Amino acid sequence: MSRKTSRVDYQQVGKEYLEQRQLRRGAAGWVLLAGLGVAYVISGDFAGWNFGLAEGGWGGLLIATVLMATMYTCMVFGLAELASAIPVAGAGYGFARRALGPLGGFATGTAILIEYAIAPAAIATFIGGYIEALGLFGLTSSWPVYLGCYVIFIGIHLYGVGEALRLTMAITAIAVVALVVFVVAMIPQFDADKLFDIVPNDAAGASEFIPFGYAGVLAALVYGIWFFLAVEGVPLAAEEARDPVRDMPRGIITAMGVLLVFAALMLVFTAGGAGSAVVAESDNPLPLALRTALGGDPWVADFVNYVGLAGLVASFFSIVYAYSRQLFALSRAGYLPRFLSVTGKRKTPYLALLVPGAIGFLLAAITQDGALLINIAVFGATVSYVLMTLSHIVLRVREPDLARPYRTPGGTVTTGIALVLAVIAVIATFFVDKLAAAITAAIFLAAIAYFWFYSRHHLVASAPEEEFAAIQQAESELS
């Protein structure tokens, strides 16, 4: 049985359809959710952000980081409201579906899926390079590491979400210890002059503070994002939270607070202890900063070097969870092939874990280009930020009486700030890596074509993210 509208076709399915697509409810409280949010991002504190020093100098990266911190903080407040009002596994797709319609919801979900499916492939290349550089296991090629990462960590997720989130929390805690040890060791070595040791060029606006001028600030925006990239994934756990209405806002806002503190500490004490020029292009900036500042090869550098691997593992492990839930939600609603959302005996969407995992492994093994992969992920992320913040504003205007257990401080002004900064971030990512932008655009076009010619005619009316819209359309037809 199906119901046709002017834009999409909804199909009615039997109760067994949703019974075969159930997640394990009550698996996570707000502490685990906050830990998940930190885990998504923490690898960015260990490496990646420092390349912004080469693009904009310390002052340029500082401005970029402040702007992106403002964008993420404002967006997180908006997402906290949306997640408490619409607690569904589709998260960003679900919010945009209600605000912007089927195409807007699918576009948002696709952008998020690009971010989360590609990011683990990039992180796997970093883990492989890290292990190979340390000489562990005698490896001279990294592809076995990529394979091991996907097999082991997807296997743990297949076992159960509660176990996976607790393990994520433990790995993240180890990574946090490494960051704290690093900061304590670098505080006595801090010298403000080291922040500004990059020689200015002749670009417009160039100075000791922003040595590569205004263009350098724009280029550094992408690397300011690395301090916070993927924290917006916390609402994807809504259907597995104990009390999503209460726990989602507490979890994502706490995670954002922790990330803001570590972003400030890394930006100040890495460059201020060793020099911006020293760490600007390092694949492993924290141990390098310690060896430069302390001299020789101190034990603390080796400690941060090895334990820093936990940060990469934490982000890889947690983002695998995120891509599976976004794919699960899109598939359950019929936007993507429905078989991808089937769950097993342990209430885990096994195909939504395995299929992107296989694709991610192939991307990592074939390209072995973490920078390209992460830029594709960043481009997808920034597009989703535009759509999610817009969704908050639209729903505030269109549905002022929607039950909102948590309300964003500042309302649409707050998310309006995030929207403007997100648009700027999209523009910046395009200029930084045109190839990554072109690849992402090609994926988008292919996805939109699939939606237009097939999936919009096969949507599932009883999927949680679609149910409200289906009821609303039925009432409109009756009236």
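Me: Which residues in H14 meet which in H15?
Reply: This is a predicted model. On the H14 side, the residues are Val378, Phe379, Thr382, Val383, Tyr385, Val386, Thr389, Leu390, His392, Ile393 and Arg396. They meet Thr412, Thr415, Gly416, Ala418, Leu419, Ala422, Val423, Ala425, Val426, Thr429 and Phe430 in H15.

Me: And by class, what does the contact of H14 with H15 have?
Reply: It has 14 nonpolar, 7 polar and 1 charged residues.

Me: At what angle do the axes of H14 and H15 cross?
Reply: Roughly 155°, and the axes come within 8 Å. H14 covers residues 370-398 and H15 covers residues 412-432. Angles over 145 degrees count as roughly antiparallel, so H14 is roughly antiparallel to H15.

Me: Left-handed or right-handed crossing?
Reply: Left-handed, as H14 passes H15.

Me: What about H8 and H15, what angle do they pack at?
Reply: About 105°, with the axes 8 Å apart. H8 is residues 213-225. The two helices are therefore roughly perpendicular to each other.

Me: Which residues make that contact?
Reply: From H8, they are Leu218, Ala219, Leu221, Val222, Tyr223 and Ile225. H15 brings Ile424, Ala425, Ala428, Thr429 and Val432.

Me: How do the residues of the contact of H8 with H15 divide?
Reply: Into 10 nonpolar and 1 polar, with no charged residues.

Me: Switching topic. How many residues has the largest nonpolar core?
Reply: 163 residues. Those with the most contacts inside it are Tyr40, Tyr72, Ile127, Phe182, Phe316 and Tyr385.

Me: Which helix gives the most to this core?
Reply: Helix H12, residues 299-332, with 20 residues.

Me: Take Phe316. What does it touch?
Reply: Skip residues up to four places away in sequence. Phe316 then touches Pro120, Ile123, Ala124, Ile127, Cys149, Tyr150 and Phe153. Ile127 is also one of the core residues with the most contacts.

Me: Now Met266. Where is its place?
Reply: In helix H9, which spans residues 244-274.

Me: Why does Met266 count as buried?
Reply: Because its relative accessibility is 0%, and buried means under 20%.

Me: What is Met266 in contact with?
Reply: Leaving aside neighbours within four places in sequence, Met266 contacts Asp45, Trp49, Leu179, Phe182, Val183, Phe227, Ala271 and Leu286. Phe182 comes up again as one of the core residues with the most contacts.

Me: How many residues apart in sequence are Met266 and Asn50?
Reply: 216. In space, Met266 and Asn50 are 9.2 Å apart, C-alpha to C-alpha.

Conventions:
Residues numbered from 1 in each chain as written. Predicted model: local features only at pLDDT ≥ 70, side-chain atom pairs only at ≥ 80, totals over all residues. Heavy atoms only, no water. Axes fitted to C-alpha atoms, helices over the stretch in contact; angles between N-to-C directions. Helix = DSSP H or I, 4+ residues; strand = E, 2+ residues; numbered from the N terminus. Parallel < 35°, antiparallel > 145°, perpendicular 65-115°, else oblique. Left-handed = near helix turned anticlockwise from the far one by under 90°. Contact = heavy atoms within 4.5 Å. Nonpolar A, V, L, I, M, F, W, Y, C, P; charged D, E, K, R; others polar. Core = buried A, V, L, I, M, F, W, Y, C linked by side-chain atoms within 4.5 Å. Buried < 20%, exposed > 50% of the residue type's maximum accessible area, 1.4 Å probe, protein only.
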